[in-house]
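Have the structure open and follow along.

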Amino acid sequence: MRRRTALTALSAIAAPLLLALPVVTPPAAAAPAARPVAPEVTRLPLVAVRAPGSVSARSTSGPATLQLPARSTTPFSTVGVTWAPDPRLQGVEVSVRTRAAGRWSMWTAFQGGSDDAADPASADASGARAGTEPLWVGPSDGVQVRLTTTAGTPRDVGVELVDPGT
């Protein structure tokens, strides 16, 4: 009986020790130090194309269509389109499709931001560009973009591809 009581007492003391041992963590020095990663931004220009029913792709008052033909790019995960602010622009619509693992996505329309330029009287207006909101597309290596307006032709239009780094 004494032997059974001693074994029970020993197991009551040893069991928590055996359960706690696997929880021990290595010293913090073994983990790599965190460091900031600078994203890489690539800018690609859009070119004017003749839109059906328009007089000229360079017209500043009629509708316009600009595009970036399908092309291979350096890796990126976020895309946006920007242009020089112009109050004459109306009805700007931008769509994009991207390539990942050799397959092209469906066309995606950018939501919001296309007609939103900074208020010229605001502090943010200095150097501000008009454009779309950024669109996360996931890891991609190809892009195609089309931009249309109901009035006016945007100037200095660029597709901004952002690789956030790792």
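Throughout this report, contact means heavy atoms within 4.5 Å.

## Confidence

This is a predicted model. The pLDDT averages 79 over the chain, and 64% of the residues score at least 70. Please take care with residues 51–57, where the pLDDT is below 50; this stretch has 9 contacts in the model beyond near neighbours in sequence.

## Strand β3 and its partners

Strand β2, residues 47–49, is antiparallel to β3 and linked by 3 bridges, with alanine 48 facing leucine 66. Strand β7, residues 130–131, contributes 2 bridges to β3, again antiparallel; in β7, alanine 130 is the bridge partner of tryptophan 83.

## The nonpolar core

The largest nonpolar core has 21 residues, and Val81, Trp83, Val145, Leu147 and Val159 have the most contacts inside it. Two or more residues come from each of β3 (64–83), β4 (93–100), β8 (135–149) and β9 (158–163). Of these, β3 gives the most, with 7 residues.

Valine 81 is worth a look of its own. Leaving aside neighbours within four places in sequence, its contacts include Val94, Phe110, Val145, Leu147 and Val159.

Is threonine 78 buried or exposed? Threonine 78, found in strand β3, has a relative accessible area of 17%, so it counts as buried, the limit being under 20%. Not counting residues up to four places away in sequence, threonine 78 touches Pro134, Leu135, Trp136, Val137, Glu160, Leu161 and Val162.

Leucine 89 sits in the loop between β3 and β4, and with a relative accessible area of 11% leucine 89 is buried too. Which residues does leucine 89 touch, not counting those up to four places away in sequence? They are Trp83, Thr149, Ala151, Gly152, Thr153 and Pro154. The C-alpha atoms of leucine 89 and alanine 151 are separated by 5.6 Å, although these residues are 62 residues apart along the chain.

## Aromatic rings

The structure holds 0 aromatic pairs. There is a charge over a ring, however: arginine 146 lies over the face of tryptophan 107, at 3.9 Å from the ring centre.

Terms used:
Residues are numbered from 1 along each chain as its sequence is written. This is a predicted model: local features need pLDDT of at least 70, side-chain atom pairs count only at pLDDT 80 or more; totals for chains, interfaces and linings use all residues. Side-chain values use heavy atoms; hydrogens and water are left out. A nonpolar core is a set of buried Ala, Val, Leu, Ile, Met, Phe, Trp, Tyr and Cys residues joined through side-chain atoms within 4.5 Å. Buried means under 20% relative accessible area, exposed over 50%, partly exposed in between (1.4 Å probe, protein chains only). Helices (H or I, at least four residues) and strands (E, at least two) are DSSP runs, numbered from the N terminus. Rings of Phe, Tyr and Trp (its six-membered ring) pair if their centres lie within 6.5 Å; planes under 30 degrees apart count as stacked, over 60 as edge-to-face and the rest as tilted. A charge sits over a ring if NZ of Lys or CZ of Arg is within 6 Å of the ring centre and within 35 degrees of the ring normal. pLDDT is the predictor's confidence in each residue, from 0 to 100. Two strands pair if DSSP finds at least two bridges between them.
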